[in-house]
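Please have the sequence and the model open while I talk. I will go through a few places in turn and keep to what can be read from the coordinates.

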Amino acid sequence: MAAEIVNPRSDSDTGQDSGAEPLDSFDPAFALHRGGKMAVQATVPIRDKDDLSLAYTPGVAKVCSAIAEQPELVHDYTWKSSVVAVVTDGTAVLGLGDIGPEASLPVMEGKAILFKQFGGVDAVPIALDCTDVDEIVETVVRLAPSFGGVNLEDISAPRCFEIEKRLQERLDIPIFHDDQHGTAVVTLAALRNAARLSGREIGQLRAVISGAGAAGVAIAKMLVEAGIGDVALADRKGVISSGRADLTDVKREVASFTNKADLTGSLEDALAGADVFIGVSGGTVAEEAVASMAEGAFVFAMANPNPEVHPDVAHKYAAVVATGRSDFPNQINNVLAFPGIFAGALQVRASRITEGMKIAAAEALASVVGDDLAADYVIPSPFDERVAPAVTAAVAAAARAEGVARR
């Protein structure tokens, strides 16, 4: 699949009423997206009848028959082992929310070309016209024979948790919800380096996460797996604790392994004396609450386009500041994780992506920074050419170590 911008339509094909000025005549975003951002490209030539007879009939029949007799050959003689399905239902698209499958396609195309650009992995955007959990699971299961992995994208919580879990149970290929795990991997990598910069270990830190949706829950799980001292999540009603009677099943599970200090009250209450703030919810955190954090704190305010704490405010009190934006240092960007994670998993034909593989990805990502570590450089740029190879190699090695690699 070519990660290139193509324009198969003529300038006159605007898709608008006759006489209307095309949207791309005054907005470069529309000009870039005209005709879509990707195309399918052949990897073998068809120059004459001999090429045609090998690529299609009769030559293709030999390959089909061999795969029918030995199904594992599909990995060697088709694109299956190098292509990922990027699947969405359009219910939680970027900061746009539930905009539907058609409107989600520009984002899914974008995700696909990021896979190619940063990980060398081909990806196909698939926007489903259904939101029912059972229907999504059944549809993806039926599509799975064509793909080496599935990247779930922009599916709203809490359905995303069940969809991922059920697909992992039914399929023997990597299933990865990037909004959860990609965010968690990059956050852990940045936090490891921030801790190293301050001369501390992860286990010495107490973190507070604003947001108990897909990203917040996944970050909490990964931080606990990595040995964080303590972490508490806060939703719209305050800190999640086992004493709350209004918790969903997911939040009840979260309460069972977080908030060892048994904090209650508001997010701002929990921030008093905290070492780390991680924002994945939007909204605004009062400056007074940031000021109440421990000396040398870290503020990772990742909401886009408006961070929960503006960097100008955060820098007054925090030793390290990160956001989700590209126009500030230390961008927590999922593109640092998912291309290399899938590249590594596909390389060894992993049956799934384990917690160990995700931890390995975070450690590899953190290691890229190396001796250049600084307060404004705790995470590398997506354009650092060392990132994808480092993550790919670490994930492949972890898959072998954990027994989920098949080659």
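By class, six nonpolar, three polar and three charged residues form the lining of the largest cavity. Here Ala, Val, Leu, Ile, Met, Phe, Trp, Tyr, Cys and Pro count as nonpolar, Asp, Glu, Lys and Arg as charged, and the others, Gly among them, as polar. This is a predicted model, in which local features need pLDDT of at least 70 and side-chain atom pairs count only at pLDDT 80 or more, while totals for chains, interfaces and linings use all residues. Residues are numbered from 1 along each chain as its sequence is written, and side-chain values use heavy atoms, with hydrogens and water left out.

Back to the cavity. The term means a set of points, on a 1 Å grid over the protein atoms alone, where a 1.4 Å probe fits but cannot get out; lining residues have an atom within 4 Å of a point. The lining includes His75, Lys80, Phe147, Arg349 and Arg406. Its volume is about 70 Å³, taken as the space filled by probe spheres set on the points, with grid points joined across faces, edges and corners. The search of the whole structure finds two cavities of 30 Å³ or more.

Next, strand E9, residues 297–301. Strands (E, at least two residues) and helices (H or I, at least four) are DSSP runs numbered from the N terminus. Five of the five residues of E9 are buried, so the strand is largely enclosed by the rest of the structure. Buried means under 20% relative accessible area, with a 1.4 Å probe and protein chains only. Ala297, Val299 and Ala301 point one way, and Phe298 and Phe300 the other way.

What joins E9 to strand E8, residues 276–279? Four bridges do, and the two run parallel; phenylalanine 277 has valine 299 as its bridge partner in E9. Strand E10, residues 318–323, is also parallel to E9, with five bridges, and alanine 297 is partnered there by alanine 318.

Now glycine 211. It sits in the loop between strand E5 (206–210) and helix H9 (214–226). Its relative accessibility is 8%, so glycine 211 counts as buried. Beyond neighbours within four places in sequence, glycine 211 has contacts (heavy atoms within 4.5 Å) with Gly216, Leu233, Ala234, Val280 and Ser281. Arginine 236 is 25 residues away in sequence, and 7.8 Å away C-alpha to C-alpha.

Last, confidence. The chain averages a pLDDT of 93, and 95% of the residues score at least 70; pLDDT is the predictor's confidence in each residue, from 0 to 100. Over residues 1–18 the pLDDT is below 50. Where pLDDT is low, the predicted coordinates should not be read in detail.

Technical notes: Buried means under 20% relative accessible area, exposed over 50%, partly exposed in between (1.4 Å probe, protein chains only). Two strands pair if DSSP finds at least two bridges between them. On a 1 Å grid over the protein atoms alone, a cavity is a set of points where a 1.4 Å probe fits but cannot get out, and a pocket is an open set with protein on both sides within 12 Å along at least five of seven lines; lining residues have an atom within 4 Å of a point.
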